[in-house]
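Hello,

Here is the structure I promised to hand over. My notes follow below it.

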Amino acid sequence: MASRTLIEINKITKVFRSLDGADVLALEDVSLDVGLSEFVSIVGPSGCGKSTLLRLVAGLTGPTEGRILIDGDEVTEPRRDIGMVFQAPTLLPWANILKNVLFPLKVLHRLTADSENRARELLKLVGLGEFEKKMPSELSGGMQQRAAICRALIPEPKILLMDEPFGALDALTREEMSLELQRIWTERPTTIIFVTHSVPEAVLLSDKVCVMSSRPGHVKEVIEIPLARPRSYSLETEQEFQNISQRIRKHIFENQTSARRIGAA
Amino acid sequence: MPRRIEQIWHHSRGVILPAAAVILLGLLWEASVHIFSIPVYLLPAPSVIWVDFISKADLVYGHTTATVNTILGGFLLSIAISFPLAVMIASSAVVANTIYPLLVLTQSIPKVALAPILVVALGAGEMPRVIVTFLVAFFPLVTSLATGLLAVPKDLIELSRSYRGTWWQEMWLIRLPWSVPFLFNGLKLAITFAVVGATVGEFVAADKGLGYQIMAATSFFNTSVAFGALVILSLLGIVLFQAVAIIERVLFPWSSPQE
Ligand SMILES: Nc1ncnc2c1ncn2[C@@H]1O[C@H](COP(=O)(O)OP(=O)(O)O)[C@@H](O)[C@H]1O
Ligand SMILES: [Mg+2]
């Protein structure tokens with residue numbers, strides 16, 4: 001997808017200072033461009049700084065070196081046009097599903113007469129139309145995560161940051177949810193950075209996949225996924241899908257053997 | 001229908017069993033007093049306590065209202081002071097490190113010893129008793145509430161910050177509601193301690209109240225009246241605790257423990 005660049009991650013280094021003096025180099029010289037309405041996945045071993053990278057883009061923490069530009073503006077604090085989805089749904093347990101979805105508008109002072117209808121539309125879009133009055137504890141994990149996605153979508157963010165959003169779900173629900181995300185993204189194109197552990201999920205959903213390695217986290221390769229859309233998991237048996245998956249796995253695997261070698265030394 | 005009886009038993013055994021135990025204990029008490037001829041000033045039989053106490057019903061009513069006033073006064077003062085303290089503790093580690101040792105200090109002061117000093121300082125009115133009640137009751141409330149305010153998942157806080165939510169929004173829309181179960185845990189402890197605090201206050205500085213009545217009655221070896229006051233104090237504790245639990249269940253149904 002040859003669109004104009006929306007997010008420019010430029011030579012980011014992030015060091016966490018800890019009290020015992022042993023600083024953690026979480027990210028080193030990370031660069032990545034994300035185009036307008038592009039779907040970019042980040043895969044990499046646990047602890048390679050994927051969450052940190054998302055928090056940097058969200059402006060929740062600042063880089064040690066380098067800078068991040070969104071629409072040409074440097075990110076120095078949180079922006080109101082970014083939505084976040086975390087691994088856990090983290091809904092407010094005291095509010096029903098509809099109120100949970102409306103929560104960002106409340107914080108943003110953007111509640112209007114039409115807000116509830118928009119929330120209902122979104123809930124319908126993810127198949128939760130009849131559950132708006134239910135409390136979070138009455139819904140399954142997958143349904144809660146769908147509600148969390150609606151919550152992220154309602155302020156109509158320019159950018160959606162998703163940190164392993166399906167990580168807590170069982171394998172079947174996970175496949176179903178990723179296909180649903182593809183459908184939502186097709187219906188309402190948004191720029192998405194999507195962190196995942198699952199290689200097939202990344203290949204299925206993304207325009208490009210950014211493979212990272214750990215300690216310190218840096219970008220191994222950014223792989224374009226030329227497969228035609230809409231995609232389904234039946235593609236997994238096809239040669240091109242397997243080639244791409246292999247290439248991603250090779251990077252992650254390389255990474256682990258080198259880590260093991262360092263550990264053994 | 002045995003199934004129906006089983007259901008009734010299942011739902012009411014929480015009441016029936018303790019009630020049966022109390023009645024059995026009362027009968028045992030009554031019987032022992034008669035069998036071993038225990039003198040009434042040492043241990044009056046339940047029947048004697050009942051008769052003596054009923055004959056003073058008016059007086060008992062006055063003492064009970066006085067104690068309830070002290071309990072509620074101290075309890076409300078605890079709430080009023082605990083909220084800002086807990087919010088301050090939760091807002092800054094520096095403040096928390098400054099305030100916590102002082103709070104612990106207030107807990108290590110023996111309240112019975114403090115009461116007469118408070119009378120000298122504040123006069124003989126209701127104030128010293130309310131302050132003693134407050135000092136006994138507020139600590140668990142502050143610690144529970146502060147714990148709740150700090151127990152909010154990091155993701156929720158980041159959610160609010162990512163929309164540039166203000167400190168007030170974070171407190172009002174996320175931290176305080178999140179703390180409601182913790183708050184009620186603290187309130188239940190506080191109301192129970194408030195009964196103790198009010199009684200202690202009345203031992204030292206009062207001319208009315210159930211605590212005062214126990215002191216006055218025992219000094220005349222009027223043991224049955226003292227026992228009666230004791231029973232009322234226990235009942236007050238149970239009723240007030242249940243009242244807090246009911247308020248929680250009615251106002252915050254999502255907060256109370258699931259069955
Ligand atoms: N707030 C923090 N303070 C100190 N170290 C941190 C903090 N957040 C993350 N780290 C460290 O940075 C590294 C990357 O973490 P993270 O971004 O969570 O990785 P990932 O999401 O890829 O699993 C880890 O080594 C982690 O321990
Ligand atoms: Mg992570």
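Strand β8 (residues 191-196) of chain A is largely enclosed by the rest of the structure, because 6 of its 6 residues are buried (under 20% relative accessible area, 1.4 Å probe, protein chains only). Thr191(A), Ile193(A) and Val195(A) point one way from β8(A). Ile192(A), Phe194(A) and Thr196(A) point the other way. In a regular strand the side chains alternate between the two faces of the sheet.

This is a predicted model: local features need pLDDT of at least 70, side-chain atom pairs count only at pLDDT 80 or more, and totals for chains, interfaces and linings use all residues. Residues are numbered from 1 along each chain as its sequence is written, chains are lettered from A and ligands numbered from 1 in the order written, and side-chain values use heavy atoms, without hydrogens and water.

β8(A) has parallel partners. Strand β3 (residues 39-43) of chain A joins β8(A) through 5 bridges (pairing needs at least two DSSP bridges). There, Val43(A) is the bridge partner of Thr196(A). Strand β7 (residues 159-163) of chain A also runs parallel to β8(A), over 5 bridges. Ile159(A) stands opposite Thr191(A). From β7(A), the chain passes through helix α5 (residues 171-187) of chain A to β8(A), a right-handed β-α-β crossover (with the strands pointing away from the viewer, the path from the first strand over the helix to the second runs clockwise).

Best wishes

How values were computed
Buried means under 20% relative accessible area, exposed over 50%, partly exposed in between (1.4 Å probe, protein chains only). Helices (H or I, at least four residues) and strands (E, at least two) are DSSP runs, numbered from the N terminus.
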